[in-house]
Amino acid sequence: MSEPARPAALLEVEGVSVRFGALVALYQVSLEIARGEICAIIGPNGAGKTTLLNAVSGFYHPYEGRIVFEGRDRTRLRPYEVAALGVARTFQNVALFKGMSVLDNIMTGRLLKMRGSFLLEALHWGPARRQELAHRAFVERVIDFLEIQAIRKTPAGRLPYGLQKRVELARALAAEPTLLLLDEPMAGMNVEEKEDMSRFILDVNSEFGTTIALIEHDMGVVMDVSDRVVVLDYGRKIAEGPPEQVRKDPVVVDAYLGVSHD
Amino acid sequence: MTEILRAVAVAPFQDMAGSPAFLVEVLIGGVFAGLMYSLVALGFVLIFKASGVFNFAQGVMVLFAALTLVGLMERGVPVAVALGLTTAVMVALAFVIERLVLRPLVNQEHIILFMATIGLNFFLEGFGEMAWGANVKKLDIGIPDRSFMVQGVQVNELELTAALTSAVLVVILAVFFHRTRIGRALRAVADDHEAALSVGIPLKTIWVIVWSVAGLVAIVAGIMWGAKSGVQFSLSLIALKALPVLILGGFTSVPGAIVGGLIIGVGEKLGEVYWGPLVGGAIENWFAYVVALAFLLVRPQGLFGERIIERV
């Protein structure tokens with residue numbers, strides 16, 4: 001397989017700043033995420049990682065700078081419009097539909113892909129029936145992929161935390177996103193669950209070709225899964241590069257440990 | 001002692017058996033009243049399902065719809081046109097509520113949205129009376145209030161029409177919300193605003209749809225109640241009767257609203273007619289609330305409500 005010298009950027013964040021009143025949460029952050037890569041965003045608490053994700057997915061709007069997705073300016077879009085473009089996400093504090101079954105939760109991920117007449121849907125007949133079955137088939141594939149067959153009918157709110165995170169990932173995958181944003185996918189997990197989740201993230205990337213941006217605190221995980229790392233501190237980007245290089249960067253070490261090298 | 005027991009547990013049933021035609025009439029009256037309660041309860045359920053908000057203003061929406069319809073007809077607008085205009089007003093109301101009340105309060109606690117609907121309640125009440133006047137009005141859209149006899153049982157045409165209309169409406173709504181993707185989107189929105197946005201559900205659209213449908217249900221309820229007892233302020237108080245219906249049927253269940261309404265309607269009519277004389281009457285006024293209280297103690301999620309699951 002011959003690769004182009006420099007893959008086209010899927011997402012470009014250009015000088016984005018986000019403010020909440022007097023607090024500057026992000027200050028002129030620029031970064032590019034290439035098609036097909038796994039990019040980790042790291043940084044101490046309060047560095048602006050989640051804010052960045054929220055800006056990309058349309059929950060916040062930057063007061064300066066541009067967000068370009070697939071070559072088009074997407075700075076001012078609303079969350080559901082961003083979702084329609086093929087950006088799916090998970091949340092730091094799991095945001096599942098707790099009263100709905102796992103299967104229904106994942107099916108909501110496909111709402112955007114459904115078309116056609118309400119009348120036919122209501123009658124469960126004709127094209128609407130075929131459509132529902134096709135979507136179900138894809139959802140079953142995602143369920144198999146993430147190994148959650150056994151909990152298909154369980155209300156999401158009853159699952160242990162680790163599984164909820166996995167269902168949330170399943171819902172995001174059901175939308176067949178081009179770009180997947182994961183906000184601390186491994187927070188609160190034990191070692192085994194983290195290993196599972198790391199494997200899923202790598203598999204999603206290789207099997208579905210999904211570009212992934214993830215926020216993560218566990219440096220071991222970051223080193224294992226990511227192609228590239230972006231480091232934020234106090235709302236600014238302070239470093240960027242391959243994981244090995246970033247880990248040795250004195251600026252990054254400073255930000256994390258707060259010690260001087262002089 | 002045995003006298004009391006006999007009067008409570010035996011005599012009423014002997015009465016029922018003694019005159020089956022009368023019993024059927026009482027039952028029909030109960031079913032009719034029940035469907036009317038169901039209609040009001042439905043409006044609550046729709047909005048509760050879609051936003052997790054108990055819409056305190058639903059009763060006033062019924063009054064407002066009826067007032068608008070009567071007001072237009074008093075000004076000489078033909079029935080069909082007046083109905084169309086009232087529908088337009090209720091849909092417009094849904095848009096305004098979404099823009100001015102719901103949108104600024106996205107992701108707030110449910111109690112805050114609930115308080116907002118109390119405000120909405122007072123606003124609509126005042127606005128309706130300002131626009132259309134506060135007198136009791138007669139609503140006549142051409143459904144005859146005649147009775148006829150079927151096999152010795154008296155049936156009222158208006159009640160029959162109302163019952164059929166509610167039944168059709170309920171079937172349409174149940175199918176719409178259970179079988180279409182809007183239904184799934186709706187439950188998603190009710191559960192978690194943020195997550196719903198992230199999977200690409202436009203909150204605004206869903207809310208406008210739901211409040212519009214609740215408005216349409218309010219029109220139907222307003223017409224039926226208005227035709228029966230005149231359009232007046234007390235119409236908004238039937239919302240109070242819808243509460244026990246909701247507790248019985250479950251806040252999130254469309255079929256529950258119907259079954260709950262029927263149980264309350266039939267129960268209070270039977271109680272009034274056969275047991276009423278024992279306690280000096282007026283059972284009708286408190287029966288619904290006592291049943292609701294019993295349900296709250298035993299089965300707080302109602303007959304059809306989603307199980308309340310709490311992880312501890």
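**Notes on a predicted two-chain model**

1. Let's start with chain B, whose secondary structure amounts to 13 helices and two strands; helices here are DSSP runs of H or I with at least four residues, strands are runs of E with at least two, and numbering goes from the N terminus. Chain B has a radius of gyration of 21 Å, close to the 20 Å from the globule rule for 312 residues, so it is as compact as a globular protein of that length. (That radius is taken over C-alpha atoms, and the rule is 2.2 Å times the number of residues to the power 0.38.)

2. A word on what you're looking at: this is a predicted model, where local features need pLDDT of at least 70 and side-chain atom pairs count only at pLDDT 80 or more, while totals for chains, interfaces and linings use all residues. Residues are numbered from 1 along each chain as its sequence is written, with chains lettered from A and ligands numbered from 1 in the order in which they are written.

3. Back to chain B: its C-alpha atoms fill a box of roughly 65 × 60 × 35 Å along the principal axes. Of its 312 residues, 45% are buried, meaning that 20 or more other C-beta atoms, placed from the backbone, lie within 10 Å of the residue's own.

4. One helix pair in chain B deserves a look. The axes of H12(B) (residues 254-275) and H13(B) (residues 283-298) come within 9 Å and cross at roughly 135°; axes are lines fitted to C-alpha atoms over the stretch in contact, with angles running from 0 to 180 degrees between N-to-C directions. That makes H12(B) oblique to H13(B), the label for whatever is not under 35 degrees (roughly parallel), over 145 (roughly antiparallel) or 65 to 115 (roughly perpendicular).

5. Who meets whom there? On the H12(B) side, B:Ile264, B:Gly267 and B:Trp275 are among the residues involved, and H13(B) brings, among others, B:Phe287 and B:Val291.

6. Chain A has ten helices and ten strands. The C-alpha trace spans about 70 × 45 × 40 Å along its principal axes, and 42% of the residues in chain A are buried.

7. Finally, the chains touch: 23 residues of chain B are in contact with 29 of chain A, contact being C-beta atoms, placed from the backbone, within 7 Å. On the chain B side, H8(B) gives the largest share, seven residues.

Notes:
A residue is buried if 20 or more other C-beta atoms lie within 10 Å of its own, exposed if 12 or fewer, and partly exposed in between; C-beta atoms are placed from the backbone. Two residues are in contact if their C-beta atoms, placed from the backbone, lie within 7 Å.
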